[in-house]
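This briefing is intended for a reader who is new to the structure shown below. Please keep the sequence and the model in view while reading the points that follow.

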Amino acid sequence: MSKMKASTALVNVLKNWDIDHVYGIPGDSIDTVVDALRKEQDTIKFIHVRHEEVATLAASSYTKLTGKIGVALAIGGPGAIHMLNGMYDAKMDNVPMLVLAGQVPTSVANTKYFQEVDLPTLFSDVAVFNKQIEDAETLPDIVDEAIRTAYEKKGVAVLTIPNDIPLTEINHTVAAKQEVFQQVKPEISTESIAQAAELIKSAKNPVILAGVGTKHAKEALVQFSGHTKTPVIISLPAKGIMPDDHPNFLGNLGKIGTKPAYEAMQDADLLLMIGNDYPYTDYLPQESVKSIQIDIDPAKIGHRFPATVGIVGDAKEALTALIEATDYIATRAFLEASQENMANWWKWLREDEAKTTTPIAPEAVMAQVQKIADKDTIFSIDVGTSTVWSTRYLHLGPHNDFLISAWLGTMGCALPGAIAAKQAFPDRQVIAITGDGGFSMVMQDFVTAVGYKMPMIVIVLNNKELSFIKYEQQSAGELNYAIDLPDINYAQFAESCGGLGFRVETFDELEPAFKAARNASLPVIIDIAVDSNAAPLPGKIVMDEALGYTKFEIRSITEDHRFSKMPPLKTIIRRFF
Ligand code: FAD
């Protein structure tokens with residue numbers, strides 16, 4: 001046991017857990033920790049962001065990509081409050097995170113001191129582990145426990161650290177290096193596999209809905225689908241778990257989903273839910289349809305849809321067991337009908353991608369993205385219409401990654417995700433796709449990418465409005481209000497940050513800009529003036545939405561005294577019938 005500052009012991013624990021970087025902003029109430037990190041800067045990189053929200057969003061994205069815990073740090077008071085958004089992203093997408101928040105010194109605690117906020121209360125809803133350090137001797141052990149708990153509970157662990165505590169000399173033994181945290185997987189019951197196999201054998205129209213919990217089981221999923229000739233539908237954040245061009249793949253389900261996925265669900269006589277907690281139950285079959293659900297968390301079985309057979313366990317293991325327990329099926333009429341449906345869907349999308357209009361169609365932008373993307377590009381996607389265009393038009397293969405704030409759905413997640421992606425995989429191409437609404441919430445951190453020499457391509461689909469909200473208002477029959485955004489030149493902004501910027505206003509400028517961005521060694525923004533009337537229509541328009549659009553149109557004439565620019569009728573008809 002040796003004497004050392006508590007801050008040094010804290011940093012030793014981080015090193016033991018193989019933590020090699022921290023996102024944050026220094027400041028008075030956390031500076032004693034930052035000073036210890038300064039001394040270890042060769043082992044733990046401090047990524048100094050420009051807003052604490054970006055720190056936690058980047059930490060969350062890093063974990064989504066690598067499985068390793070992300071760490072963010074800020075002062076107490078305002079810095080801690082700014083971190084909340086990314087912390088909720090981690091909580092809701094079930095990823096471990098460690099947050100170190102500063103606090104006023106113990107000598108002035110509870111005196112309504114400058115920037116003193118009751119952080120344990122503030123964090124009580126978001127955290128799975130939430131402690132304010134009271135005794136320096138306990139600091140390293142509590143940091144260790146925080147990390148373990150974050151991994152085990154797949155959530156956010158927060159330590160609030162009064163600024164004097166890290167300076168205290170303590171007795172500490174540097175522990176041996178930790179193995180990466182191993183999640184205990186429940187043993188799969190052979191009975192549940194046998195019951196599920198029976199259901200699969202007797203089904204004519206089985207359909208798979210696979211989610212984020214299947215990300216590590218890509219090959220098993222493809223094999224199972226081929227073995228049983230079952231079409232595969234995914235949840236949106238699971239994009240990439242099945243290659244987009246796989247013949248058994250029907251895309252994702254929901255407003256942003258495909259029409260073939262919607263129709264396959266309607267016609268299914270067996271639903272296999274694998275590693276998902278899919279929330280939009282209106283898109284699932286009638287509850288009388290039989291179902292098999294595979295989930296590692298027993299609490300999720302039957303959570304969204306009644307499970308005829310629940311298999312508690314790991315998706316990869318369960319799929320492997322089901323392949324063994326079922327016979328090979330050579331052909332299935334339901335799959336063939338779904339494939340025909342899907343071929344039609346792709347034909348429609350190809351027509352959209354071929355648009356050469358000015359103002360530029362977002363679909364045409366996606367076609368350009370695809371042309372310059374590598375086989376292992378990491379796509380970091382924002383929330384808004386950029387979500388729709390990216391999910392629907394990008395073709396991902398088995399080596400791509402797709403990042404998004406899936407459950408919190410926070411705008412501004414694409415750039416922090418791209419920063420994290422570049423930190424995790426410096427040699428892979430990183431493309432962020434965002435709108436002007438999402439990007440302008442975090443744009444200050446483009447300079448972080450420049451400063452840390454993180455070449456990336458940020459595509460800003462600039463339509464000078466909050467377009468997703470515009471269509472939400474319309475489909476609900478409301479008139480548009482408070483959705484306009486100013487025309488900012490994001491290319492000039494990129495240059496002023498020390499990056500590269502391309503402003504694309506006509507279709508002809510599109511391809512040259514992408515080619516130049518592809519070869520750039522600096523972070524790039526391609527600021528594209530896209531058609532604000534490009535409608536991010538649902539894959540399948542349901543009756544409520546059709547009625548909503550009609551109501552909006554009537555109100556535009558009677559209350560606003562103008563004809564609105566409705567989405568193209570041809571697309572509406574195709575997606576409705
Ligand atoms: P999660 O909710 O994270 O569930 C994963 C499940 O896997 C959990 O139950 C977990 O216990 C389980 N699991 C984890 N590990 C394993 C393992 N090893 N083995 C087995 N099980 C495991 N989503 C859509 O699907 N369609 C949409 O149209 C759609 N629109 C959206 C629009 C916007 C603008 C945004 C921001 C999001 C949208 N989403 C959409 C995302 C949606 O909000 C949900 O986040 C998403 O559907 C949840 O996906 P999931 O169930 O796969 O993931």
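## Briefing on the predicted model

Pro359 is placed in the loop between α11 (333-353) and α12 (362-372). The peptide bond that leads from Thr358 to Pro359 is cis, with omega near 0°. The model is a predicted one. Its chain is divided into domain 1 (2-180), domain 2 (190-340) and domain 3 (355-576).

**Backbone features**

- Most peptide bonds are trans, and most residues other than glycine have a negative phi.
- Asn110 is not a glycine, yet its phi is positive, at about 65°.
- Asn110 belongs to the loop between β5 and α5 (119-122), and with a relative accessible area of 74% Asn110 is exposed.
- Lys453, likewise a residue other than glycine, has a positive phi near 50°.
- The loop between α16 (446-451) and β18 (457-462) holds Lys453, which counts as exposed at 70% relative accessibility.

**The contact between domain 1 and domain 3**

- The centres of domain 1 and domain 3, taken over C-alpha atoms, are separated by 33 Å.
- Domain 1 brings 23 residues to the contact, and domain 3 brings 26 residues.
- About 2,000 Å² of area is buried between domain 1 and domain 3, and carbon and sulfur atoms give 68% of that area.
- On the side of domain 1 that touches domain 3, at least two residues each are supplied by β2 (21-24), β3 (45-48), α3 (52-66) and α4 (78-92).
- Helix α3 gives the most to this side of domain 1, with nine residues.
- By class, the residues on the side of domain 1 that touches domain 3 are eleven nonpolar, six polar and six charged.

- Helix α2 (residues 31-39) has the buried residues Thr32, Val33, Val34, Ala36 and Leu37.
- The elements that cover the buried residues of α2 include α1 (6-16), β2, β3, β4 (70-74), β5 (97-103) and β7 (156-162).
- Asp35 and Arg38 lie in helix α2 as well, three residues apart, about one turn of the helix.
- An α-helix has 3.6 residues a turn, so residues three or four places apart point the same way.
- A salt bridge joins Asp35 to Arg38, with the closest N and O atoms 2.9 Å apart.
- Asp35 counts as partly exposed at 29% relative accessibility, and Arg38 is partly exposed with a relative accessible area of 46%.

**Other salt bridges**

- The structure holds 24 salt bridges.
- Side chains of opposite charge can pair when their charged atoms come close.
- Lys259 forms a salt bridge with Glu263, and their closest N and O atoms are 3.7 Å apart.
- Both Lys259 and Glu263 lie in helix α9 (residues 259-267), four residues apart, about one turn of the helix.
- Lys259 is buried, with a relative accessible area of 9%, whereas Glu263 is partly exposed, with a relative accessible area of 22%.
- Arg350 forms a salt bridge with Glu353, the closest N and O atoms lying 3.0 Å apart.
- Helix α11 holds both Arg350 and Glu353, three residues apart, about one turn of the helix.
- Arg350 is partly exposed, with a relative accessible area of 36%, while Glu353 is buried, with a relative accessible area of 15%.

- Thr228 is found in helix α8 (residues 218-228) and counts as buried at 1% relative accessibility.
- Neighbours within four places in sequence being left aside, Thr228 is in contact with Ile200, Thr326, Ile329 and Arg332.
- Ile292 is located in strand β13 (residues 290-295) and counts as buried at 1% relative accessibility.
- Neighbours within four places in sequence being left aside, the contacts of Ile292 include Ala196, Leu199, Ile200, Leu270 and Val309.
- The C-alpha atoms of Ile292 and Gln368 are separated by 40 Å, the two residues being 76 residues apart along the chain.

Note on methods:
Residues are numbered from 1 along each chain as its sequence is written. This is a predicted model: local features need pLDDT of at least 70, side-chain atom pairs count only at pLDDT 80 or more; totals for chains, interfaces and linings use all residues. Side-chain values use heavy atoms; hydrogens and water are left out. Domain bounds come from an automatic or database domain assignment. Contact means heavy atoms within 4.5 Å. Buried area is the accessible area (1.4 Å probe) that two parts lose on being put together, summed over both. Ala, Val, Leu, Ile, Met, Phe, Trp, Tyr, Cys and Pro count as nonpolar, Asp, Glu, Lys and Arg as charged, and the others, Gly among them, as polar. Buried means under 20% relative accessible area, exposed over 50%, partly exposed in between (1.4 Å probe, protein chains only). A salt bridge is a side-chain nitrogen of Lys or Arg within 4 Å of a carboxyl oxygen of Asp or Glu.
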